[in-house]
Amino acid sequence: MKLQPWLMPAWNVLADALRTRRLHHALLFGGPHGYGKRALADAFATAALCTQRAADGSACGTCRSCVLVAAGSHPDLVHVTFELRDDGKPRTELTIDQMRALGQRLALSSQFGGLQIAIVDPADAMNPNAANALLKTLEEPASETIIVLVADDPSRLPATIRSRCQRIDLHAPTHAQALEWLREHGVDADVAASTLAASMDNPGQAEDWIEGDALAVRAECLADLAALSASRARVAAIAERWAADRPGVRLWFAADLAREEARLIGSGRRGALGLTARTEIPKLAAWFASANRARGLLSTTLRTELVLLDLLRGWPAQPGKT
Ligand SMILES: [Zn+2]
C-alpha cells in the first residue's frame with residue numbers, strides 16, 4: 001500500500017491508534033473532495049482488519065482478511081453509500097433504512113472475531129432522519145466496532161454526530177506533491193500544471209478534470225464571462241447552458257476565473273474576462289463568494305437554473321455597459 005505523501009500525517013495518527021489499540025469507535029474523515037479521503041479510509045479499514053500488520057501499521061496484503069477486503073467480500077467490513085433507485089439511478093442521499101440496517105448489523109458480533117468496520121461515504125449526504133438513526137448507533141456503540149464517516153463538508157453533519165467522532169483532518173498537498181502525483185499517473189507536465197492551477201492544487205480534482213474534458217469546459221466558462229463583461233451575451237442563455245451540463249464544475253471554474261481576474265487587475269494587468277478598472281476588484285471578490293455559495297445551493301431543492309440566473313445577473317459588467 002502506498003498512500004499519497006500528504007496523507008501520511010493523518011495515516012500516522014490512525015496507525016498509532018491501531019498499534020496502541022486506542023481506537024475511537026467513530027472517526028470523521030473530513031477534507032475537500034480530491035485529497036484522498038476514500039483511499040485513506042480504505043487503507044485504514046484494511047489495516048484494522050489485517051491479521052499480520054507491518055511495522056508501520058499498514059496491511060500485509062496477503063492474509064485471509066486482506067485478500068477478502070481486496071475482493072470486496074470481507075464479512076466484517078460494511079460500506080454504506082448511495083443506493084440505486086428503482087429507475088437504476090443512484091439516490092442523492094443516504095436514508096434512514098440504510099442507517100437502521102447498519103445499526104442492526106453492527107449489533108451482531110464480528111464473523112472473524114476481530115473488529116467490525118463500517119465506512120459511511122459520503123456521510124454529509126445523510127438526510128436528517130438518517131442522521132438521527134446513526135446517532136442512536138453512535139450513542140450506544142457496540143464493542144469492537146468502528147464507524148468511519150467520510151465527508152467533503154463535515155460542517156453539514158449535525159453537531160450531535162460530530163461531537164461523537166474523533167476528527168481526522170486531511171492536510172492539503174503542496175503544489176510540488178500534487179504535481180509529482182499527477183506526473184506519476186502519466187499526466188503531461190503542462191496539462192498537470194495548468195489543471196492544478198485551476199483546481200487550487202487539488203490533485204484528485206485535477207485528475208477528475210483531466211479524465212473528463214474539464215479544461216474545455218473551463219474555456220467555455222471563460223468565454224461566457226468575457227461575453228457577459230462586454231454585454232455580448234444573454235444571462236438566461238448562459239444559465240440554461242450551465243444548468244444542463246456540470247453546473248458544479250462550471251461554478252468552480254467561474255469562481256476561480258473571477259479570483260484570477262481580480263488578482264490580475266490588482267497587479268495592473270489585463271485579465272481574460274475583459275474587466276480592467278480597479279473598482280471591479282471588490283465586486284469580483286463578492287462575486288467569487290456568491291459563486292461558491294451558489295455551488296453549495298446546487299445540492300438543495302432550489303432549481304439549478306434559477307440559482308445560476310441569480311448569480312450571473314450579478315456579474316460585474318464593464319462601467320457604462322451595465
Ligand atoms: Zn493482512
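Biologist: Which element gives the most to the lining of the largest cavity?

Modeller: A cavity is a set of points on a 1 Å grid over the protein atoms alone, where a 1.4 Å probe fits but cannot get out. Lining residues have an atom within 4 Å of a point. Here, helix 1 gives the most, with three residues. Helices (H or I, at least four residues) and strands (E, at least two) are DSSP runs, numbered from the N terminus. This is a predicted model: local features need pLDDT of at least 70, side-chain atom pairs count only at pLDDT 80 or more, and totals for chains, interfaces and linings use all residues. Residues are numbered from 1 along each chain as its sequence is written, and side-chain values use heavy atoms, with hydrogens and water left out.

Biologist: How many cavities of 30 Å³ or more does a search of the whole structure find?

Modeller: One. The largest cavity holds about 40 Å³ of space. A volume is the space filled by probe spheres set on the points, which are joined across faces, edges and corners. Val13, Leu14, Ala17, Leu23, His24, Leu27, Gln166 and Ile168 line the largest cavity. Helix 1 (8-20) and strand 5 (166-169) each give two or more residues to this lining.

Biologist: What is the class make-up of the lining of the largest cavity?

Modeller: Ala, Val, Leu, Ile, Met, Phe, Trp, Tyr, Cys and Pro count as nonpolar, Asp, Glu, Lys and Arg as charged, and the others, Gly among them, as polar. The lining of the largest cavity has six nonpolar, two polar and no charged residues.

Biologist: What volume does the largest pocket have?

Modeller: A pocket is an open set of points with protein on both sides within 12 Å along at least five of seven lines. The largest pocket has a volume of about 1,300 Å³. Its lining has 31 residues, and Asp152, Arg156, Arg295, Gly296 and Ser299 are the closest to its centre. Helix 9 (203-211), helix 12 (247-266) and helix 13 (280-297) each give two or more lining residues. By class, the lining of the largest pocket has 12 nonpolar, 11 polar and eight charged residues.

Biologist: Now a single residue. Why does Thr195 count as buried?

Modeller: Buried means under 20% relative accessible area (1.4 Å probe, protein chains only). Thr195 counts as buried because its relative accessibility is 0%. Thr195 sits in helix 8 (residues 189-198).

Biologist: Which residues does Thr195 touch?

Modeller: Contact means heavy atoms within 4.5 Å. Not counting residues up to four places away in sequence, Thr195 touches Ala206, Trp209, Ile210 and Leu215.

Definitions and conventions:
Buried means under 20% relative accessible area, exposed over 50%, partly exposed in between (1.4 Å probe, protein chains only).
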